[in-house]
Amino acid sequence: MTRAKIVKMTEEHLDMEALREAGVLLRNGGLAAFPTETVYGLGGNALDPEASRKIYQAKGRPSDNPLIVHIADMEHLAPIVREIPASALALAKACWPGPLTMIFWKSPLVPYETTGGLDSVAVRMPESRIARELIRQAGGYVAAPSANTSGRPSPTLAEHVVEDLGERIDMIIDGGMVKIGLESTIVDFTEEVPVILRPGYLNRQMLEEILGTVKVDPGIREENAKVRPKAPGMRYRHYAPRAELTIVEGPEEKVTETIREMAKEKLAEGRRVGILCCRETAGQYREGRVFPVGSRLGEDSIARHLYEALRQFDQENMDVIYSEAFDTPRMGQAIMNRLLKAAGHKVLEVQ
Ligand code: TXA
Ligand code: MG
């Protein structure tokens, strides 16, 4: 038995009664986890400092790591920000509701407890109907970090939320598996030129088609692993499984051969080995626990199953994990950003 009340529903069939109940819970300062198209969120009333404090406590999250304020309707943006730059408005028109978070200067309505003490605020309008209806029922402003214990991979299934927070929160809305599986793209509009603080489903090229020039925070590029990223949450080792994860990069044949050899060695030492790979190469690995996340030609599936694979390896008590690199064309930057953080930037290059 978990403490949290768990209710199931789908995007097509909203359980309005349960959503109203969750809305009342949030208005009264309680916490409820809910699905979005990116990952599950842990929601609390964003305008209630006490609710934000509870969120940090439930996640075990450092209180200087700001939360994203989720809204359901465009008219809810203006009251919480100082101004809306024209470029941000254009991006909102093109990408909201969707997997996009924008950073603005905050208005006094938003408590510092929600923004981790910053004068800026992150805002997102999710596409998920479950999420949007919950936000409306809750009064319009829901602070929601990913619904995982701080440092663990973000939840892509309600079961992941139960595992991490089932005993610590009041309610969990189970909407099945999320669509995207990686957290939203974050774009900062508090500087002259918009800056990507976290890569996601929407990549730089897609953003530049709407905004013109867009910068990428140098702190999130792997070659600059020592530069401090602007988004506080991007500074921590994060998305990490308990096992030691190494990424192996290079020509396919060399990669599979190296992983096979290393796995064999570890298995001989009696250690449990997980292998994260694509469907095309899965057949090359005969030992260890092989988890194909998706086809190289279908990168959506790789993004969607990445965190699930990392959590599955934890559940099966793996000691070491070897992963192929997934430099896919559209979401490769986002996938590799998360994988590199999960690996603590441990990469083995083979020729
Ligand atoms: O897809 C998502 O964005 C999910 C779903 C639930 O909406 N939420 C999510 O929240 O990923 P969280 O708290 O796990 O990540 C929020 C990130 C953190 O890296 C945080 O540091 C950054 O956004 N952030 C929030 N407010 C910020 C601000 N004012 N300035 C810079 N970074 C900010
Ligand atoms: Mg998170």
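**An exposed loop residue and a covered strand**

Asn317 is exposed in this predicted model, since its relative accessible area of 54% lies above the 50% over which a residue counts as exposed. The residue sits in the loop that links helix α8 (299-315) to strand β15 (320-324). Val273 is 44 residues away from Asn317 along the chain, and the C-alpha atoms of the two residues are 9.1 Å apart.

Strand β5, which spans residues 100-105, is mostly covered. Five of the six residues in β5 are buried, each with under 20% relative accessible area. Strand β5 pairs with two other strands, β9 and β6. With β9 (residues 185-188) the pairing is parallel and comprises four bridges. With β6 (residues 120-124) the pairing is antiparallel, and five bridges join the two strands.

Confidence in the prediction was examined for the chain and for its elements. The mean pLDDT of the chain is 96, and 98% of the residues reach a score of at least 70. Among the elements, strand β4 (residues 68-70) has the highest mean pLDDT, at 99. The lowest mean among the elements, 94, belongs to helix α9 (residues 332-342).

Conventions. Residues are numbered from 1 along each chain as its sequence is written. Chains are lettered from A and ligands numbered from 1 in the order in which they are written. This is a predicted model: local features need pLDDT of at least 70, side-chain atom pairs count only at pLDDT 80 or more; totals for chains, interfaces and linings use all residues. Side-chain values use heavy atoms; hydrogens and water are left out. pLDDT is the predictor's confidence in each residue, from 0 to 100. Buried means under 20% relative accessible area, exposed over 50%, partly exposed in between (1.4 Å probe, protein chains only). Two strands pair if DSSP finds at least two bridges between them.
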